[in-house]
Structure formats: structure tokens, C-alpha cells
Amino acid sequence: MTAPVSAASCDRLPGGWRRARVAGHFGELVQGLVDGEVALVTLPCPVLGVTTHWRPGGGGLTLHQPKRILSRGQVRRVLAAAGLAPRGWLRLSAQMPPGAGAGASTAALSALALAAGVAPDQVPRLCLAAEGATDPLMERSPGSLLWAPRRAAPLRRLPAPGPLEMVGGYLGRPVRTDPADRNFAPIDDLVRDWAAGRLDPAAAATESALRNRRLREGPGLAPVLEAMRETGAAGIAAAHTGAAVALLFRPGQGAPDAARAALARAGVTGHVRYALDRGCAATARSWEASPPEPPGYSNTREDRAPAAKDEGGS
């Protein structure tokens, strides 16, 4: 029996620093229009996350992020919501690239909010104000929660999709989320049949990925479907905005050990593998991650403002 892995943590360090980590996700099980509103069920991912180190003080805001995830304006809005002046030192470290569909921006905003002392139940509202759309990374069992990302609001609980094992990587170029984007397929039938137990969540994920890929930019999923058939996976999941793709396996079924090679033949780069238990909580077995950046990703570093001066937003 394996212990669940926490999706979020926060602790104090010597020297006045506070450290927080929030896990990301790996695409969505389903995403589309439900009663005309953009809705999704995220695929939780404990392997990839964002860690923040925050220390208030000094005369300005010093922001260090090897992968540029947040703008200074977003950081200021989070600090203002926490009742803090925009003065201090912030380090952001992400295990996933921005735009890959792995929740980098929401995880970064959430981790910063926790480190700044924001109550966990206030984090989704704050993330929404900072970026206009947000994933339910701080919610309990997000893998069974139908979520409205443009309102940061839960819509309904669905039967838990676990236990599942995921093996995935990146296919295509990174794409940042546009809060105004409504170019998604209707998925009312998928949600209804999942809720009624008539449709396996892995099958719902496959249909949602295919249905939306016909409307949206990105490489075709035919090679990933071939990898699914080759390995006996129960389905596929994909970022509906971004590059993440994964094969979904049920315990004791298929050949997850062969999935990495099959995905590589399909053009998928990187490697992420992990498991979710029956309640869709992440467990500490099958943890592997060696993800390079998706093709076309530029690993940039935002210039740091001197501690004595805040240079303004970016």
C-alpha cells in the first residue's frame, strides 16, 4: 500500500524564507463546452510541480525564474492580495515548461500565494484574478472534479477515474492559455455518460482529446492512438491547450513498460510516468520524469530588478 502524495506544501526556512510547492497536471481527462461553458477535468500530476522561495523585505522586487512563467505584474497582484508590499526576493523553479499543458502558471501562482500566507481556500480566486483562467490544482481530488476554469468554480463531482497509471511526454509546440478562447467541442454527452457510469473515464478522455484536436491547433493524434493500440492502454489523455500527451493504463492491463518506446516512435519527447490511486490521489509509486522542453520552447530568464528598485511590470 502506497501513501498519497501531497499536491501542495508550505514551510518556513532559516533566514526569513518561506518555501511552497504545488504539483501541476498533465493535460486534461476531458475539456470542452458543458451547457455552453468551458469546463474540464484535469489529470493530476505529482511528478511535475513548481517550487517558490519567498522572502519579504528590501527596497524592490527581485524575481528569479530560469523558466519565465510569471510576469512582475502577476507577482505584484498576488502579493497585494496577500496584503504585502511588492518588496522582497522571489525564486521560482518549475519542473515543467510553460505552455506545455502541465499547469506551470497556475502552480506558480498557487505556490507564491501559499508562500505569501494566502489561505488555501482563497488561492483559486486569486489565481483567476491574476491570469483569467485557472486549473483546480488546490482542490481536493481534482481528477474527479468538473471545473469551470474561467470562473474558478466547481461544477460537479464525477466518479473517480482511478486507479490509473500514466506514461506520457510532449507532442508539438507549447501554447499558452488564452482566457478568451472558447474554441472547444461540446462534451455534455461525455460528462453525462461518465457521471452515469456508462463510459469509462479513459474512453471519455480519448474521445475528448480527438474531438477537440479537430478544432484546435496541434499535431494529429493518430501516432499516439497507434501507441495506445500497441501497448494495450485503456485510453489517451492530452492537453487541450499545450503539448502534453499520455497513455492511460488500468492496473494489470496493457504494457506500460513498453509505453515510453512506443511514444518515442510516435514523436513524443520527454518521459513522465506516475500512478493515481482509486480516489485519484497521487501515489509515490512509478515516479519517473525526464522531460526535455517541447520543440519550439525558448528557455528564457527574466531580468532581475535590483533589490533597491522596482523596475515595473513586464
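Predicted model: local features only at pLDDT ≥ 70, side-chain atom pairs only at ≥ 80, totals over all residues.
Local features need pLDDT of at least 70 and side-chain atom pairs count only at pLDDT 80 or more, while totals for chains, interfaces and linings use all residues. Residues are numbered from 1 along each chain as its sequence is written, and side-chain values use heavy atoms, with hydrogens and water left out.

**View A. Salt bridge between Arg211 and Glu207 in helix H5**. A salt bridge is a side-chain nitrogen of Lys or Arg within 4 Å of a carboxyl oxygen of Asp or Glu; by this rule the count comes to 11. Here the N to O distance is 3.0 Å. Both residues belong to helix H5 (residues 201-213), four residues apart, about one turn of the helix. Helices are DSSP runs of H or I with at least four residues, numbered from the N terminus. Arg211 is buried at 18% relative accessible area, whereas Glu207 is partly exposed at 27% (buried, under 20%; exposed, over 50%; partly exposed, in between; 1.4 Å probe, protein chains only).

**View B. Salt bridge between Glu226 and Arg229 in helix H6**. The closest N and O atoms are 3.3 Å apart. The two residues are three apart within helix H6 (residues 222-231), about one turn of the helix. Glu226 is partly exposed at 41%, and Arg229 is exposed at 55%.

**View C. Salt bridge between Glu230 and Arg265**. The side chains meet at 2.2 Å, N to O. Glu230 lies in helix H6 and Arg265 in helix H7 (residues 259-265), so the pair ties together parts that are 35 residues apart in sequence. Glu230 is partly exposed, with 46% relative accessibility; Arg265 is exposed, with 56%.

**View D. Network of salt bridges**. Glu165, Asp257 and Arg273 are the linked residues.
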